[in-house]
Amino acid sequence: MSKDSKPETQVTIEKLRNGRWAFVLKRGTVVYPAHGQFTSQLAAHAAGQAALKALENNR
């Protein structure tokens, strides 16, 4: 698979109703559900980046 044909992946951070933070992975048109109950936005972002890296390494 060439680099041009790989789907775009990104991590977005969302604030949950209970005031905690979660990350959402988007890969192409697929959106994975919010994951995590982090106390800070930074912790959610770091975990999301780690999950994205692990997902990309499994390709």
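The model is predicted. The protein chain contains 1 helix and 4 strands, arranged along the sequence in the pattern β-β-β-β-α. Strand β2 pairs with β1, with β3 and with β4, and the buried residues of helix α1 pack against β1, β2 and β4.

**Overall dimensions and surface**

- The C-alpha trace of the protein chain spans about 40 × 20 × 15 Å along its principal axes.
- Of the 59 residues in the protein chain, 17% are buried.
- The protein chain has an accessible surface of about 4400 Å², and carbon and sulfur atoms account for 51% of that surface.
- When contacts between residues at least 6 apart in sequence are considered, 24% of them join residues at least 24 apart.

**Strand β2 and its partners**

- Strand β2 covers residues 21-27 and is mostly covered, with 5 of its 7 residues buried.
- The pairing of β1 with β2 is antiparallel and comprises 7 bridges; within it, Gln10 has Lys26 as its bridge partner, and Thr9 stands opposite Arg27.
- A hairpin is formed by β1 and β2, with 5 residues between the two strands. Gly19, in the turn of this hairpin, has a positive phi of about 90 degrees.
- Strand β3 (residues 30-31) is joined to β2 by 2 bridges, also in the antiparallel sense, and Val31 in β3 is the bridge partner of Lys26.
- Strand β4 (35-38) runs antiparallel to β2, and 2 bridges join them. Phe23 is paired with His35 of β4 as its bridge partner.

**Helix α1**

- Helix α1 consists of 17 residues, 41-57. From its first C-alpha to its last the helix reaches 24 Å, close to the 24 Å expected at 1.5 Å a residue.
- Ala44, Gly48 and Leu52 are the buried residues of α1. Because these residues cover an arc of only 70 degrees around the axis, they lie on the same side of α1.
- The buried residues of α1 pack against β1, β2 and β4.
- On the face turned away from the buried side, α1 carries the exposed residues Leu42, Lys53 and Asn57.

**Residue Ala47**

- Ala47 is located in helix α1.
- Beyond neighbours within four places in sequence, Ala47 is in contact with Phe23 and Phe38.
- Ala47 and Tyr32 are separated by 15 residues in sequence and by 14 Å in space, C-alpha to C-alpha.

**Residue Thr9**

- Thr9 lies in strand β1, which covers residues 9-15.
- The relative accessible area of Thr9 is 18%, so this residue is classed as buried, the cut-off being under 20%.
- The side chain of Thr9 makes a polar contact of 2.9 Å with the side chain of Glu56.

Key
Residues are numbered from 1 along each chain as its sequence is written. This is a predicted model: local features need pLDDT of at least 70, side-chain atom pairs count only at pLDDT 80 or more; totals for chains, interfaces and linings use all residues. Side-chain values use heavy atoms; hydrogens and water are left out. Buried means under 20% relative accessible area, exposed over 50%, partly exposed in between (1.4 Å probe, protein chains only). A polar contact is a pair of N or O atoms within 3.5 Å; within protein, one must be able to donate a hydrogen and the other to accept it, and residues adjacent in sequence count only if both atoms are side-chain atoms. Two strands pair if DSSP finds at least two bridges between them. The expected span of a helix is 1.5 Å times one less than its number of residues. The arc is that of the directions from the helix axis to the C-beta atoms. Contact means heavy atoms within 4.5 Å. Accessible areas come from the Shrake-Rupley method with a 1.4 Å probe; for residues, only the protein chains shown count as cover.
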